[in-house]
Structure formats: structure tokens, C-alpha cells
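Colleague: Could you walk me through the terms you use for this model, one at a time? I like to see a value next to its cut-off.

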Amino acid sequence: MKFYITTPIYYLNDVPHIGHSYTTIAADIMARWKRLKGYDVFFLTGTDEHGAKIVAAAKENGKSPQEFVDEMSEKFKEAWKLLNISNTDFIRTTDERHVKNAQNIIQLLFDKGLIYKKKYTALYCVGCEKFILERDLDENGCCHDHKTKPQLQSEENYFFKLSQFQETLLERILDANHKEHIEIQPIERRNEIVGKLKLGLDDISVSRAALDWGIPVPFDENHTIYVWVDALVSYITAIGYPIEKNNPLTAYWPADIHLMAKDILWFHSVIWPAILIGAGLAAPKKVYSHGFFTIDGDKMSKTIGNVISPQALVDKFGVDAARYLTVSLIPFGPDGDISWSGLNLKYNTDLANNLGNLTSRLNKMLQKYFEGNIPSVKHNAALFEKVEQILNEDFTKEMDAFQIHKASDALQRALTLINQQIENDAPWALAKTDMEKLKECLFSYIQSFDLILLYLFPYMPIISKKIWEINGAQGDLEEIAKDYLANPKKYKDGFSKAGAKLQIAEVLFPRIQ
Ligand code: MSP
């Protein structure tokens, strides 16, 4: 079973921030989850390196565009390394392999008669890298997203006959039984796209005459390919599709999920599928758009000075907590707001008080009453089964629907269940009265906790393995998780064997005051 997931390829005019890492961590969690479920996953991220915006940013920094993108793309690679992102490939639109493929696609469209030349005069927003209609500007005549005045451009450009694809797209988007159905999620955003699609489509310009920093149009060297067409094609370049006939990676196409925020959903759910269909290629199966978030109510911006970098999050919380907090603070889908105080609170509640506390109290009790060994008893499976139910049903349902904040809630519910069971059983009292019962209780807590760690892994790959070892559980967590998900019955007696030695737990999540 193959599974192909992508993040947007990010523009290099900006350094990586929590907006980029939000999408990338979410995609990473999904990729890791699918791998645990036995899928053969290809996970792509990368950088979008051409266009007017990059030229302007390079100039501002006193660099040539090439020098600038070489430097900036490294920053994205470093950020993803820091956040332990498990991407299979990192595509740059300046890669030789991509230049060839982008030219190949535009040539295919041209050969099929889907591209023509015309003179065009319109307003262009460099921030969006797109033409913009006057009616879509704010009261000051500025772009809503970038608060800048668009420039009037008048050029002879090549146009793609997007208008021809309205019906095909509507059919494929609306009919869930269509064999080439394009699913758009969440449903509210799908409805917005459908509403807009029903109004009709204008042809779009796919080349620039006045911009050198781009991929040359193969049939007219005076033009470069429009940066959005260039960028979208990178999703198929990375897997060699469609030109590398013997490349086994081409089998990953069509993509299972293109993930991004709502700002660029139109490009992914309308323009991209139309280009592919026009070129005679398969369109993506699913386009998933999450919301846009503000920081403390404000748009993230250098001017306001509220930009949160991946490094700042990792410095404060550590890698795994930074990953977990980034995606679990706000619902995945609607717009939201993130703040340091919100992150601190979530850290204390979910990580210090729930996960961290369970790790240390369980460890302390096993050290105190059983010299740090897993006691030997028959497994009382009641708690284990309740935890299993939350994970197998709630967690899995939410995760498969890409509701990663709800899946993390399910993890917390499962942890809380064990913490509550400890309160109810009061093992410290049992230690004085009923050693057999105490053994049974501790044994069931530890097995249930180990089980949660298998599902925590996609969010917190390092910490989950660390606790797994602290708990004296056997084998490599990732391998056991795969095996468990394929065959849960095999593990009905749990993961930490009687007699196994626990490690002494350090404080994993010190409380933040
Ligand atoms: N280069 C294009 C994408 C081309 S894909 C073929 C681009 N780049 S971008 O750097 O502007 O990235 C936009 C994406 O970054 C959003 O769609 C989202 O995934 C992520 N985000 C950036 N800021 C964000 C927020 N404030 N909130 C949520 N996501 C954010 O567009």
C-alpha cells in the first residue's frame, strides 16, 4: 500500500516560522502514523525558489537570486532536521530534475492546444504571486493578505485554457463515487471552492515575459514559466512522474494528500488538477486545507515582531513537546489563534501534569515497591481494554480523518484514565494491605501506558521511545507498534514483561511557572 503526502513547497523570501512548521509537523505526524499502519510512505516537502518575490528578497539582502535561494533553502532543511521531520525527499524548484519536468508539463499542455498567447493588462500582487481583481482589494486598494498595492502589468503572456475545465472539475469534486474523485477537506472549504467554481473560470496566464528568474518556457525563450505552475509541478517531479518511465517512484502518483492552509487551496484544488487533467495525467486524490492562525490575535509579521521560530519553540519546550504543542493547541481545519500563554498552559496540562506525571509516579512506585522490576502477575485486562478502545476507536478515527488535535485529545483521555485509576486504586494504601493486588494494579498501569506510547510515537518520536525504555518495554517501539496495529491480539498481555528492569525516570517535562 502506497501513501504519498506533501506539504506546500515554501517560499524562500521568509525564514521558517511556526506557520510553516504547523503544516510540516502535521504532515510528518500523518506520515509516521501511516508508516505504523504498514503503508509505504513517500513524504515530500521543499522550497519554491523562483518568481518576483524571491528576486526582490534577494536584492534586499544584497545577493544574487541563486546565492540567496541556496542559503535560504538550507534554513528550511535545518528547521525540519531540528523538528525531526521524516520527509523522504526535499525538492527545490531550482533542481535540474525539476526544471526539465516543469518544461515537459508546459510543453504537453502547449502540444494539446491548451495554451495560447494574448496581451493582458491586470493588477499583480507580488506577495501572492498572482493577478488580482480590483473588487478583491481592500478600501485602500491593497491586497487583503499583504497590505500592499498591486502593480499594473501589461504583457503578452501565454494563457492556459482553465475555463475549459469547470465541468470536469465540478464532476470530480462533487461525485464521491467518481473513479477519479478529488476530495477537498474540510467540507466547509470544499463548499467555498465549489461555489466559486460554479461562477465559472477564467483562463490564467502561465508565463512571464518580464521576469528572468524562472524556468524558461521551452517553446518561447523570451518567457519564463509562471511561478505557481512551476511550484505545483514539483509534486510530480520528486517522484519522477511522468517523464522517468523506469522510475519505480512514479507509482506513488496520484498523491493521497496535498496538505496546506486555506490561503493556497484554490491553486491546489482547481488550478493544479486542471493542469494535470489537461496534460492527460491523474489528479490528486485529496486536498486538505487547515486554517490560518494568528499570534495573540495578530497576523504573524516581522513588523509586529511576533514571529515564532521553530528554534524558539524547541529552546523553550524541547523538540517533541514543540511538535506536540504546535499541532494540538488549535482545531485542525478552522482558523485559530496561538499564544505563548496558550502553549505554556497546554504544556503544563497535557505534558507536565498528565504524561510526565504518569511516567514519574509509576516509575517511583515500581522502584519503591518492586526494586524497579515489573512484577510477575496474571494480567488483569480491564484498564488495558478501556485504553485500547479509546486508541483503536477514537484516536484512529480522528487520525484517519486528519483531525490531529482530536487524536491528541484521545491520547490525553487515555492517559487521564490511567491517572484516575491510580487515584481510585490508591496503590500506596494497597502497599500496606494487599501486595498481590498492588502487583496487579501496577502491572496493568504499565501495560496500558506502553500501549499509549505506540500511538504517541507519531507526535513525540523521541520521548515515546524514551518512556518505552524507562518502562522496561521490550523491542523497538516503532517495530512493535507496526506489529501491534497489524495484529493487536498478539499483545493482549502487554509489552513490559514480568521481571524486566525499569530505568530510573528523569523529569521529562519540568513544570513552567
Ligand atoms: N510557495 C507557495 C506554495 C507552493 S506549493 C506548490 C507558498 N509558500 S508559503 O511559504 O507562503 O507557504 C504558505 C503555507 O505555509 C500555508 O499554506 C501554510 O501551509 C503555511 N503557513 C504559513 N503561515 C501560516 C499561518 N499563519 N497559519 C497556518 N499556516 C501557515 O504559498
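Modeller: Let's start with Glu-49, in the loop that links β2 (40-48) and α2 (52-60). Helices (H or I, at least four residues) and strands (E, at least two) are DSSP runs, numbered from the N terminus. The model is predicted, so local features need pLDDT of at least 70 and side-chain atom pairs count only at pLDDT 80 or more, while totals for chains, interfaces and linings use all residues. Residues are numbered from 1 along each chain as its sequence is written, and side-chain values use heavy atoms, with hydrogens and water left out.

Colleague: Is Glu-49 buried or exposed, and how do you know?

Modeller: Its relative accessible area is 0%. Buried means under 20%, exposed over 50%, and partly exposed in between (1.4 Å probe, protein chains only), so Glu-49 counts as buried.

Colleague: What makes the pair of Glu-49 and Thr-94 a polar contact?

Modeller: Their side chains come to 2.6 Å. The limit is a pair of N or O atoms within 3.5 Å; within protein, one must be able to donate a hydrogen and the other to accept it, and residues adjacent in sequence count only if both atoms are side-chain atoms. Glu-49 also touches other residues, among them Leu-12, Arg-92 and Trp-213; here contact means heavy atoms within 4.5 Å.

Colleague: Now the ligand: which side-chain atom lies 2.6 Å from one of its oxygen atoms?

Modeller: A polar atom of Thr-23. From the backbone, a polar atom of Ala-261 is 3.0 Å from a ligand oxygen, and an N or O atom of Gly-19 is 3.4 Å from a ligand nitrogen. The protein covers 93% of the 680 Å² of accessible area that the ligand has on its own, by the Shrake-Rupley method with a 1.4 Å probe.

Colleague: How do you know that β4 and β5 pair?

Modeller: Two strands pair if DSSP finds at least two bridges between them. β4 (residues 115-125) and β5 have three, in the antiparallel sense, so they qualify. Leu-123 stands opposite Ile-132 in β5. β4 is also joined to β6 (residues 151-160) by 10 antiparallel bridges, and β6 pairs with β8 over two.

Colleague: Why are β5 and β8 called edge strands?

Modeller: The open sheet has the order β5-β4-β6-β8, with antiparallel pairing. β5 (130-132) and β8 (204-205) each have a single partner strand, so one side of each is left without a neighbour in the sheet.

Note on methods: Lists of a residue's contacts leave out its neighbours within four places in sequence.
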